[in-house]
Amino acid sequence: MPRRWIEHWDPEDDQFWEETGKRVARRNLWFSVFSEHIGFSIWTLWSVVVLFMGPAYGFSAADKFLLVSTPTVVGAVMRIPYTFAVARFGGRNWTIISALLLLIPTALTAVVLHPGTSLGTFVLMAALGGVGGGNFASSMANINTFYPERHKGWALGLNAGGGNLGVAVIQLVGLLVIGTAGATAPRLVLYIYLPLIVIAATCAALFMDNLASVRGDTKAMREVVRYGHTWVMSLLYVGTFGSFIGYSFAFGLVLQNQFGRTPLQAAAVTFLGPLLGSLSRPIGGWLSDRIGGGRVTFATFGAMALATVVLVLASSADSLAWFTVAFIVLFVLTGVGNGSTYKMIPAIFQVKARAAIQAGADEAAELRNARRLSGALIGLAGAIGALGGLFINLAFRQSFAEAHSGVPAFVGFLVFYAVCVGVTWFGYLRKPAVRAQVALAGAEV
């Protein structure tokens, strides 16, 4: 549909933005959120499915942690090609394709989901579900190109937060199914999502657009890996989003194995963490638009370390109440950190662009280049960050296998959050020259 290719797009032009850009960008944002939301649900499907796997399935706690780890790593890997796909096919076109791909793992899992199926078959189904993790990268890279710098924190936070809500929603659906049909009817969850996938693809086809300015640009990823900020931001995103997605997969299993919760008892609590973590993500972006992403990220990692200390103490004291509260607070903080780190990414390249403009470079070309590089880094950081979810589930798997408790894993997470506090301070808050340069650009990290 050629009419869906927009040839001219200049969101930094105030007149263009108010007269045309804002309306188009919002329309693409809402339908991008919907499709990404369904993608997140399918990606984290196995955090719900394992709650249905009672003794009849014959799987150990380690087997179940393997099942929730598998889509995490596949989703992380898929984020790289999904980021390229926006430039290759167009944001609207790829949203349609990526939504329809979700039908494959959903339909096949519905066929094999019953006691007696081998662990290997379930691992394959979980791996196929990993394609849902790629939707995030393409969605964020696409929406990044639609919005001006001054609104990116909020827009990217809303896009990501709405997508992340898919984790909480599928867990609520699982709770509803367990509460009404019992723990022997997991296929009902899949039957609910099959028509929703079709609706998401149809809405993308009818209401979204492709931007010609990003068409065919597949070199940005090769350029962005040369920047030191790329690897620093990827590390910080491991700590924020990696924690969010890893805990989303693991929360229910931890409650079952450490505190002896039943599937219904676990499902009644687990959705709260992803729900509040998703809702707090736009807040992190909004705060970063006003006081700087670096400051928000620094404070968030400090608070995450404190919440992890409470988790260790609650685990040692066998206090379910304190453990649950601290875990949910940790989810909220991961959401705030997700929003603030993604605000930092476009701001970093905006600083670089402003410096080049002051040196005499063409303003339009530099700002366009900043958008393409930040989009590439969003995809790369999203892929590396998602691997944090794999590390978290592997850490829990080993921790429960050896100590029959999550405490060793939480101690490891605590050390990592302390490292992230130091990296954020050293890289973005320590040097007065960095703060001055960023303030000059009007896009504080």
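Mentor: A contact means that heavy atoms lie within 4.5 Å. This is a predicted model, in which local features need pLDDT of at least 70, side-chain atom pairs count only at pLDDT 80 or more, and totals for chains, interfaces and linings use all residues. Residues are numbered from 1 along each chain as its sequence is written, and side-chain values use heavy atoms, with hydrogens and water left out.

Trainee: Of the contacts in the protein with a separation of 6 or more, what percentage joins residues 24 or more positions apart?

Mentor: The count takes in contacts with a separation of 6 or more. Within that set, the share from residues 24 or more positions apart is 84%.

Trainee: Is Thr308 buried or exposed?

Mentor: Buried means under 20% relative accessible area, exposed over 50%, and partly exposed in between (1.4 Å probe, protein chains only). Thr308 has a relative accessible area of 0%, so this residue is buried.

Trainee: Which residues does Thr308 contact, leaving aside its neighbours within four places in sequence?

Mentor: Thr308 belongs to helix 14 (residues 293-316); helices are DSSP runs of H or I with at least four residues, numbered from the N terminus. With neighbours within four places left aside, the partners of Thr308 are Leu330, Phe410, Phe413, Leu414 and Tyr417.

Trainee: What is the average pLDDT of the protein?

Mentor: pLDDT is the predictor's confidence in each residue, from 0 to 100. In this protein 95% of the residues score at least 70, and the average is 87.

Trainee: Over which residues is the pLDDT below 50?

Mentor: Where pLDDT is low, the predicted coordinates should not be read in detail. The stretch in question has 28 contacts in the model beyond near neighbours in sequence, and its pLDDT is below 50 over residues 435-445.

Conventions
Helix = DSSP H or I, 4+ residues; strand = E, 2+ residues; numbered from the N terminus.
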